[in-house]
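Have the viewer open while you read.

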Amino acid sequence: MTYEIWYIPRIHDEVLCWKFETEHEAQLAMSELENKRPKAFPHHYIWNTVTKRKVEYEKPFDEYGWWGS
């Protein structure tokens, strides 16, 4: 399977940013994007190229679990 992260700019068409072999790699890239570029993060999404559907971003747990967040 192939997963892609797309960016939705304000004016132009959507732009492909990255391609990944697994969903886990794409989820990790999204969490890194959320940490490094919090303003740009809401304008990105994960796309599954096989099913042609968006994949829901799942925020990862920190070292304390979900209750420590």
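## The nonpolar core

A nonpolar core here is a set of buried Ala, Val, Leu, Ile, Met, Phe, Trp, Tyr and Cys residues joined through side-chain atoms within 4.5 Å. Keep in mind that this is a predicted model. The largest such core has eleven residues: Tyr3, Ile5, Phe20, Ala26, Ala29, Met30, Leu33, Phe41, Ile46, Val55 and Tyr57. Both β1 and α1 put in at least two residues each, and α1 gives the most, with four.

Setting aside neighbours within four places in sequence, its contacts include Val15, Leu16, Cys17, Trp18 and Phe20. Ala26, Ala29 and Met30 also touch Ile5, as do His44, Tyr45 and Ile46.

## The helix

Now for α1, a helix of 14 residues. From first C-alpha to last, α1 reaches 20 Å, close to the 20 Å expected at 1.5 Å a residue.

Its buried residues are Ala26, Gln27, Ala29, Met30, Ser31 and Leu33. What do the buried residues of α1 pack against? Their partners are β1, β2 (15-20), β3 and β4. As background, an α-helix has 3.6 residues a turn, so residues three or four places apart point the same way.

## The strands around β3

β3 is largely enclosed by the rest of the structure, because four of its five residues are buried.

For context, most residues other than glycine have a negative phi. Lys52 sits in the loop between β3 and β4. Is Lys52 buried or exposed? Its relative accessibility is 53%, so Lys52 counts as exposed.

## Aromatic pairs

A pair of aromatic rings is described by the distance of the centres and the angle of the planes. The count for this model comes to two aromatic pairs. Phe41 and Tyr57 make an edge-to-face pair, at 5.2 Å centre to centre with 70 degrees between the planes. Why does this pair tie together parts that are 16 residues apart in sequence? Because Phe41 lies in the loop between α1 (23-36) and β3 (44-48), while Tyr57 lies in the segment after β4 (53-55). Phe41 and Tyr57 are both buried, and both belong to the largest nonpolar core.

Tyr45 and Trp47 form the other edge-to-face pair, with 6.4 Å between centres and 80 degrees between planes. With buried meaning under 20% relative accessible area, Tyr45 counts as buried because its value is 11%. Trp47, at 22%, is partly exposed.

## A lysine over a ring

The charged end of Lys54 sits over the ring of Tyr45, 4.4 Å from the ring centre. Tyr45 thus takes part in an edge-to-face pair with Trp47 and also has a lysine charge over its ring.

Definitions and conventions. Residues numbered from 1 in each chain as written. Heavy atoms only, no water. Phe/Tyr/Trp six-rings, centres within 6.5 Å; stacked < 30°, edge-to-face > 60°. Buried < 20%, exposed > 50% of the residue type's maximum accessible area, 1.4 Å probe, protein only. Lys NZ or Arg CZ within 6 Å of the ring centre and 35° of its normal. Expected span 1.5 Å × (residues − 1). Contact = heavy atoms within 4.5 Å.
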